[in-house]
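Trainee: Could you take a close look at one loop in this model and then follow the backbone and side-chain details that go with it?

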Amino acid sequence: MRDPKSDPTARMFAEACAMLKQAEQLQRQFFGPSSAAGSACWEPPVDIFETEREVTVITALPGVRPEAVRAEIEGTTLIVTGVRAIPAAGRGANIVRLEIPYGRFERRIAISSRLRLIGKELENGCLKLIFTKAG
């Protein structure tokens, strides 16, 4: 048996196996079914842009209908929640590959308590929230 420390091929193979194991664990953690009823299955990615007067939060939600999204502020936390349903093509079919997360999502974002929502739209798969800085 080759010593992985002295054989570069064996070392690379061991590192690749470890990385695959870690990737599978992350996949299960972020996109696996939730264990508690009502808890979020996944978190959508966000971008935040700030100017002197405004803060814009863009949340990537491709395939999510506008009526399935809710955004609210609790104290100094912006909470974006909703559900991305499995498309009709996936219902009753054998799933060959499932990389897009479905089910309930929730994203909590710390914000300044001095923000006031002035604009909101869901376009091209992104929820865009525009806040003005108060006082």
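Mentor: Asn124 lies in the loop that links strand E6 (115-123) to strand E7 (126-133). The model is predicted. The phi of Asn124 is near 55 degrees, which is positive although the residue is not a glycine. Most residues other than glycine have a negative phi. The relative accessible area of Asn124 is 75%, so the residue counts as exposed.

A positive phi also turns up in the hairpin of E3 and E4: Gly75 has a value near 65 degrees there, and 2 residues lie between the strands. Strand E3 (residues 69-74) and strand E4 (residues 77-84) run antiparallel and are joined by 6 bridges. One of the pairings involves Val69, whose bridge partner in E4 is Gly82. As for side chains, Arg84 has its charged end over the ring of Tyr102, 5.9 Å from the ring centre.

The aromatic rings come next. Searching the whole structure gives 1 aromatic pair. Its members are Trp42 and Phe105, with 5.0 Å from centre to centre and 50 degrees between the planes, a tilted arrangement. Trp42 belongs to the loop between helix H1 (8-31) and strand E1 (46-50), whereas Phe105 belongs to strand E5 (residues 103-110), so the pair ties together parts 63 residues apart in sequence. Trp42 is buried, at 4% relative accessible area. Phe105 is buried too, with a relative accessibility of 0%. Asn124, by contrast, is exposed.

Conventions: Residues numbered from 1 in each chain as written. Predicted model: local features only at pLDDT ≥ 70, side-chain atom pairs only at ≥ 80, totals over all residues. Heavy atoms only, no water. Pairing = 2+ DSSP bridges. Helix = DSSP H or I, 4+ residues; strand = E, 2+ residues; numbered from the N terminus. Buried < 20%, exposed > 50% of the residue type's maximum accessible area, 1.4 Å probe, protein only. Phe/Tyr/Trp six-rings, centres within 6.5 Å; stacked < 30°, edge-to-face > 60°. Lys NZ or Arg CZ within 6 Å of the ring centre and 35° of its normal.
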